[in-house]
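I am opening a notebook page on a chain that I have not looked at before.

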Amino acid sequence: MSWFVRKDKGIQTPTEMKREAPDGLWYQCPNCKKAMHTREHKLNAYTCVHCNYHEKIGSEAYFSILFDNNTFTELDANMMSADPLNFTDTKSYPGRVKATMMKTGLKDAVRTAYGPMNDQIVTVACMDFSFIGGSMGSVVGEKIARAIDHAIASRTPFLMISRSGGARMMEAGYSLMQMAKTSAKLALLSQARLPYVSLLTDPTTGGVTASYAMLGDFNIAEPGALIGFAGPRVIRETIGKDLPKGFQEAEFVLEHGFLDFIVDRKDLKDKLSSLFGMLE
Ligand SMILES: [Zn+2]
């Protein structure tokens, strides 16, 4: 059985000679179950090369897709949530925020930044669903409001990328106030005659749909994104009827006049550039 036993002692392999087998080398599409190289998936803007399924991604990935050479300046990067209501459910709200920060490396459910997109400076706010379901609390509202202020002051177009379950219940009424605040700021942006494009990604629901996500000069969405205010179960029980097929999917929402168009993520950057160029 000598082939199971290392006969020579002191065999060393330098790190650079070791065969590479890093984690996550392959990505399996949750929709068609086919595999592809993670690098290929990333180069394809995190969409499936086989079925075009759009993987749910966060601000880090969107910024890398949109900003030229991934160069951008983040705004209010360290703004963190307070606990105005002294709220506790299964754990205390500050405890939940802290645990989520540790897990995600994020400070809250939105990141805001400005930088060049095809050589044009754009201000972008992008939500992160991994942070308490992309819920909109005071920090989300305040960061978006300040990003709009920045867009007005620097006379740059504003892009909002939404992915959210709605208002943050741990901040109750304070969350709902963010709807009015962000909407008012968007009105100022409009008065300053600066373009606003809202991109709705999977899923965009609740108070986010009921405020800034639907207020764009153009409201656009990714293919297959779930878009709605209340969930289908609540609606079904309220109206007492079965819902049509594809209800609340981007394609259905587009057909019923709530969206301007659906954009493939691979075309997103160029489409946005031509849109901003047109609206200038
Ligand atoms: Zn697929």
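**Entry 1: where α4 meets α5**

I looked up the contact between two helices, and found that Ser 138, Val 140, Gly 141, Ile 144, Ala 145, Ile 148, Asp 149, Ala 151 and Ile 152 in α4 meet Tyr 174, Gln 178, Lys 181, Thr 182, Lys 185, Leu 186, Leu 188 and Leu 189 in α5. Sorted by kind, the residues of this contact are 10 nonpolar, four polar and three charged. I note that the model is a predicted one.

I then turned to the geometry: α4 covers residues 138–154 and α5 covers residues 172–191, and the two pack at an angle of about 10° with their axes 8 Å apart. Since angles under 35 degrees count as roughly parallel, I can write that α4 is roughly parallel to α5.

**Entry 2: the sides of α5**

Next I checked the length of α5, whose 20 residues reach 30 Å from the first C-alpha to the last, close to the 28 Å expected at 1.5 Å a residue. Its buried residues are Ser 175, Gln 178, Thr 182, Lys 185, Leu 186 and Leu 189, and because they cover an arc of only 105° around the axis, they lie on the same side of α5. I listed Gly 173, Ala 180, Ala 184, Ala 187 and Gln 191 as exposed on the other side of α5. What do the buried residues of α5 pack against? I found α4, β6, β7 and α6 (206–209). Just after α5, I also noted that Arg 193 takes a positive phi of about 60°.

**Entry 3: the sides of α9**

Leu 268, Leu 272, Leu 275 and Phe 276 are the buried residues of α9, and seen down the axis they fall within an arc of 95°, so they line one face of the helix. Asp 270, Ser 274, Gly 277 and Met 278 are exposed on the other side of α9. I looked for what covers the buried face, and my list includes α2 (59–66), β4 (110–117), β5 (120–127), β6 (158–164), β7 (196–204) and β8 (218–221).

**Entry 4: the whole chain**

Stepping back, I counted nine helices and nine strands in the chain, whose C-alpha trace spans about 80 × 45 × 45 Å along its principal axes. Of the 280 residues in the chain, 37% are buried. Among contacts between residues at least 6 apart in sequence, I noted that 67% join residues at least 24 apart.

Note on methods: Residues are numbered from 1 along each chain as its sequence is written. This is a predicted model: local features need pLDDT of at least 70, side-chain atom pairs count only at pLDDT 80 or more; totals for chains, interfaces and linings use all residues. Axes are lines fitted to C-alpha atoms, for helices over the stretch in contact, and angles run from 0 to 180 degrees between N-to-C directions. Helices (H or I, at least four residues) and strands (E, at least two) are DSSP runs, numbered from the N terminus. Angles under 35 degrees count as roughly parallel, over 145 as roughly antiparallel, 65 to 115 as roughly perpendicular and the rest as oblique. Two residues are in contact if their C-beta atoms, placed from the backbone, lie within 7 Å. Ala, Val, Leu, Ile, Met, Phe, Trp, Tyr, Cys and Pro count as nonpolar, Asp, Glu, Lys and Arg as charged, and the others, Gly among them, as polar. A residue is buried if 20 or more other C-beta atoms lie within 10 Å of its own, exposed if 12 or fewer, and partly exposed in between; C-beta atoms are placed from the backbone. The arc is that of the directions from the helix axis to the C-beta atoms. The expected span of a helix is 1.5 Å times one less than its number of residues.
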